[in-house]
Amino acid sequence: MNIQSNTSANQAKNKMYGALFGIAVGDAFGVPFEFRSKEDMLKNPATEMIGFGSHNQPMGTWSDDTSLTLCLADSLLGGYDLVDVSKKFIACKEGKLWTAKGEVFDIGITTAKSIGELKGIIESGQIGELHLLRYQSKEQDNGNGSLMRILPLLFEIKGLSAAEQFEKIWQISALTHKHIRAAMACFIYLKLAELIFLGLAKEQAYTEMRNQISKFWEDSNFPDSERIHFNSTILHDIRSKSYTELRSSGYVIDSLESSLWCFMEKDNYKDIVLAIINLGEDTDTGAAITGGLAGLYYGLEGIPKDWLLNLARYGDIKLLIEKMARRYLD
């Protein structure tokens with residue numbers, strides 16, 4: 001299916017603003033609720049943005065999910081460069097770049113360990129190793145820590161062949177999460193995002209994404225042992241699951257499934273974000289992933305204004321998006 005973009009320049013900018021602010025707002029909304037159980041959230045559901053809670057942070061404070069997303073976006077301003085992305089991730093982990101309040105208060109174990117490895121590679125001068133990280137993958141490299149930060153890559157890879165897209169996605173994913181399963185989750189997410197960016201309606205975008213991913217699997221001989229992990233999102237329609245079956249854990253498949261379900265089932269940014277946060281567990285990351293899709297689809301004006309204006313470093317994020325828009329959309 002040859003799909004032409006029917007998105008105008010102004011619509012494209014609005015989608016970009018919505019996507020990146022959508023991640024940050026979802027993340028900040030989810031931070032106070034992280035680690036609460038699904039049962040607890042069902043009894044005491046989130047309804048509005050609050051402060052403090054799980055991490056004792058002021059309202060509007062985002063976590064490493066947004067920090068690493070903004071690092072990737074910032075790096076892409078100078079072109080696609082694994083060394084520069086790595087250096088920005090290292091600076092972020094050390095609290096020097098793209099943190100909400102000048103410190104890192106919440107970072108995943110795999111992400112932190114991997115960024116430490118990146119620092120060792122950079123300092124050794126063996127930068128070619130950055131392209132080989134995927135060959136060192138382990139089963140435990142399937143957390144949601146690359147999925148949460150991958151969305152800015154959309155603007156670099158849109159329009160490329162599926163093979164070219166997956167190559168770059170896996171390279172960027174592997175900086176922290178080396179496994180092909182984590183990379184494929186990122187590919188599915190970005191393929192849906194690309195089709196939304198082109199202006200497809202939600203239903204059409206989801207159907208077409210599933211078709212394109214299935215074709216890529218056949219063309220690339222993607223292993224059957226990995227395809228089975230995506231049964232609920234690609235082989236079947238994710239909406240065949242019930243809300244009660246979903247989990248918003250740190251496992252990338254759980255995050256992908258719950259994010260796609262909430263995005264497809266709810267019809268505005270606020271309800272999408274609330275739906276995934278009220279699953280409990282990894283609330284900030286789930287809401288960042290889903291918030292990015294929702295912001296991309298509904299645009300900046302779809303994000304509740306009071307949530308947006310409570311956001312830490314609102315002006316700095318806006319300035320970064322303006323630079324992204326000049327690079328990729330003008």
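**Close-up views of pockets, cavities and helix contacts**

**View 1. The second largest pocket.** Helices α3 (64–76), α5 and α14 (283–298) each supply at least two residues to the lining of the second largest pocket. The structure shown in this and the following views is a predicted model. Among the contributing elements, α5 gives the most to this lining, with 3 residues. The pocket holds about 270 Å³ of space. It is lined by 19 residues, and those closest to its centre are Ile107, Gly108, Ile109, Asn144 and Asp282. By residue class, the lining of the second largest pocket consists of 4 nonpolar, 9 polar and 6 charged residues.

**View 2. Helix α5 in contact with helix α4.** Helix α4 covers residues 82–93 and helix α5 covers residues 109–124. The two pack at an angle of about 125 degrees, and their axes are 9 Å apart. The angle makes α4 oblique to α5, and their crossing is left-handed. On the α4 side, the contact is made by Val83, Ser86, Lys87, Phe89, Ile90 and Lys93. On the α5 side, Ala112, Ile115, Leu118, Lys119 and Ile122 take part. The residues of this contact comprise 7 nonpolar, 1 polar and 3 charged.

**View 3. Helix α8 in contact with helix α14.** The crossing of α8 with α14 is left-handed. Helix α8 makes the contact through Tyr189, Leu192, Ala193, Ile196 and Phe197. Helix α14 brings Ala288, Ile289, Gly292, Leu293, Leu296 and Tyr297 to the contact. The residues here divide into 10 nonpolar and 1 polar, with no charged residue.

**View 4. The largest cavity.** The model has 2 cavities of 30 Å³ or more. The largest cavity contains about 40 Å³ of space. Trp62, Ser63, Asp64 and Ser67 are among the residues that line the largest cavity. The lining also includes Thr99, Ala100, Glu103, Val104, Phe105 and Asp106. Sorted by class, the residues lining the largest cavity are 4 nonpolar, 3 polar and 3 charged.

**View 5. The second largest cavity, beside helix α8.** About 30 Å³ of space lies in the second largest cavity. Its lining is made up of Leu154, Ile157, Lys158, Gln165, Phe187, Leu190, Lys191 and Glu194. The elements that give two or more residues to this lining are α6 (154–157) and α8 (180–197). Helix α8 gives the most, with 4 residues. The lining of the second largest cavity has 4 nonpolar, 1 polar and 3 charged residues.

Technical notes
Residues numbered from 1 in each chain as written. Predicted model: local features only at pLDDT ≥ 70, side-chain atom pairs only at ≥ 80, totals over all residues. Heavy atoms only, no water. Axes fitted to C-alpha atoms, helices over the stretch in contact; angles between N-to-C directions. Parallel < 35°, antiparallel > 145°, perpendicular 65-115°, else oblique. Left-handed = near helix turned anticlockwise from the far one by under 90°. Contact = heavy atoms within 4.5 Å. Nonpolar A, V, L, I, M, F, W, Y, C, P; charged D, E, K, R; others polar. 1 Å grid on protein atoms, 1.4 Å probe; cavity = no way out; pocket = protein on both sides within 12 Å on 5 of 7 lines; lining within 4 Å. Points joined across faces, edges and corners; volume = space filled by probe spheres on them.
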